[in-house]
Amino acid sequence: PTREWDTALKDGRVYSYFPPMFTILAAAVAPFCEGIQHGLIVAMVFLVPICAYVLFLRLTGSACWGAILAIGLVCGTSALAVIDKTVRGAAPYQINHTLSTIGLLLILIDFFGRRRIWPACIGLVLTTLSRQLTVAYALPIAMMSLGGAPPQERWRRLTVVGLTCVGLAVFYGGLNFLKFGH
């Protein structure tokens, strides 16, 4: 009934200015549940330390060091405050920040792992739909796609990265068109 501070006003209509990733996930889950269940938010938050552990396990080759570094990332950085606020309040800002962190960790896992490109592109989609400017992570993914593969494979990988970026641009352009008509 009233306009909250997390909104934008355009032609008498009120819009949320938050990126759409959490809205997309909520729309996918809401028909099967009565709203977004708190357990789903908690499960999403647990993906941060799990992805961090997988990343650090790959980097160190040690389960012990992987766990220590994952704990350090989660508990020794601002990630802890964001995760805490995500679990306690489920506010869109913190949820999108958590989703962006998961996307970035997926990019890094692929970067320091098998370099298959498609998992990094999934991470790029997740992080870009959570924080728009993180589309810049496409550059290191494109650089990663050029290394260590035959020329034919390089072009295929670059095509995947390019199509991912085009898809993101079309999505955001379509969303802008639906909201504002241009």
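Start with the lining of the largest pocket: its residues split into eleven nonpolar, five polar and one charged (Ala, Val, Leu, Ile, Met, Phe, Trp, Tyr, Cys and Pro count as nonpolar, Asp, Glu, Lys and Arg as charged, and the others, Gly among them, as polar). You're looking at a predicted model, where local features need pLDDT of at least 70, side-chain atom pairs count only at pLDDT 80 or more, and totals for chains, interfaces and linings use all residues. Numbering runs from 1 along each chain as its sequence is written, and side-chain values use heavy atoms, leaving out hydrogens and water.

Stay with this pocket, which holds about 360 Å³ of space (the space filled by probe spheres set on grid points joined across faces, edges and corners). Now select Ser16, Tyr17, Phe18, Pro19 and Lys179, the closest to its centre of the 17 lining residues. A pocket here is an open set of points on a 1 Å grid over the protein atoms alone, where a 1.4 Å probe fits, with protein on both sides within 12 Å along at least five of seven lines; lining residues have an atom within 4 Å of a point.

Next, colour strand E2 (13–16) and helices H1 (21–29), H5 (92–111) and H8 (151–180): each gives the lining at least two residues. H8 has the largest share, five residues. Helices (H or I, at least four residues) and strands (E, at least two) are DSSP runs, numbered from the N terminus.
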